[in-house]
Amino acid sequence: MIVLNNHTIITEQFPNKETKIKDFDSYILEGNLLEFTYQEDGDLIKLLFVKKRLDQDQVNCKLVINYMPYSRMDRKIDGDLFTLQYICAFINDLNFEKVYVIEPHSAKTIELLHNSEAIYPALDWLPAIMDQMQFTDQDRIVFPDKGAAARYENAGYANSCIFDKTRHPQTGRIENMLLKRGDIPQGAKCIIVDDLCSAGGTFLWAGQILKQMGASEVYLLVTHCEPRVLSGKLLNQDSPINKVYTSTSMMHETHSKIEYITINLENYV
């Protein structure tokens, strides 16, 4: 989905599956803000068409990427292409005035994108969630791995804990998790903070360990959540996760354990 200056761009499809985009000349301003939500590769073609139409009017445009596509492929792995590099090059060629990326999976995205800036709304949501849960010094912020710790650890929250996890080198499946730093007091409320949830295996495993160590409640705050989470075990009634806080950057489906939080772009752009 593409939104220009708060107006959704209307797209259709020809019988041969080529993309048709309805003209949006009435939405165009001197300075424009384009919001891009990736759902499939065809959305990248739509982004190309919309930007080229704006270029015809010789107007400035800033881009907000709600979820950076291919952000998992942020390094060269034997046997696989470094696709994030190519996607960033594609966006760079579109020559946006500024590119904002909401919760990039790694610093590599910002390194590869020209004129880019990362936005971390989870850090703004966290204080309100902590107040709602009546957090005390006995409660804990939990990072599921060193990547999450590096992303959020310097946000100024005391009493944080960090997990260490080991993945199988070929399959990428988690083989082991352990609490590397911090402690879990008996009865503590815990909030696991990360950028991305797929099926939720990492958070399910971490939640089980936290409960075994004495946590009374475990919550997940994750900016991007794939619809795949609905088919996993993370949201089951017997799951150790009490609730998932997330945005609509990747899904909109309702569930009793999911609470959506709005990203107010005017606070960042």
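Strands here are DSSP E runs of at least two residues, and helices are H or I runs of at least four, numbered from the N terminus. A quick note: this is a predicted model, where local features need pLDDT of at least 70, side-chain atom pairs count only at pLDDT 80 or more, and totals for chains, interfaces and linings use all residues. Residues are numbered from 1 along each chain as its sequence is written, and side-chain values use heavy atoms, without hydrogens and water.

Back to our strands. β14 (residues 243–246) runs parallel to β15, joined by three bridges; two strands pair if DSSP finds at least two bridges between them.

Now zoom out. An open sheet of seven strands has the order β11-β10-β9-β12-β13-β14-β15, with mixed pairing. At its edges, β11 (174–181) and β15 (258–260) each pair on one side only.

What packs on the sheet? Helix α4 (residues 121–132) does, touching β9, β12, β13 and β14, where contact means heavy atoms within 4.5 Å. The direction of α4 makes about 155 degrees with that of β13; axes are lines fitted to C-alpha atoms, for helices over the stretch in contact, and angles run from 0 to 180 degrees between N-to-C directions.

Which residues of α4 are buried? They are Pro121, Ala122, Trp125, Leu126, Ile129 and Met130, buried being under 20% relative accessible area with a 1.4 Å probe, protein chains only. Down the axis of α4, these residues fall within an arc of 155 degrees, so they line one face; the arc uses directions from the helix axis to the C-beta atoms.

Terms used
Buried < 20%, exposed > 50% of the residue type's maximum accessible area, 1.4 Å probe, protein only.
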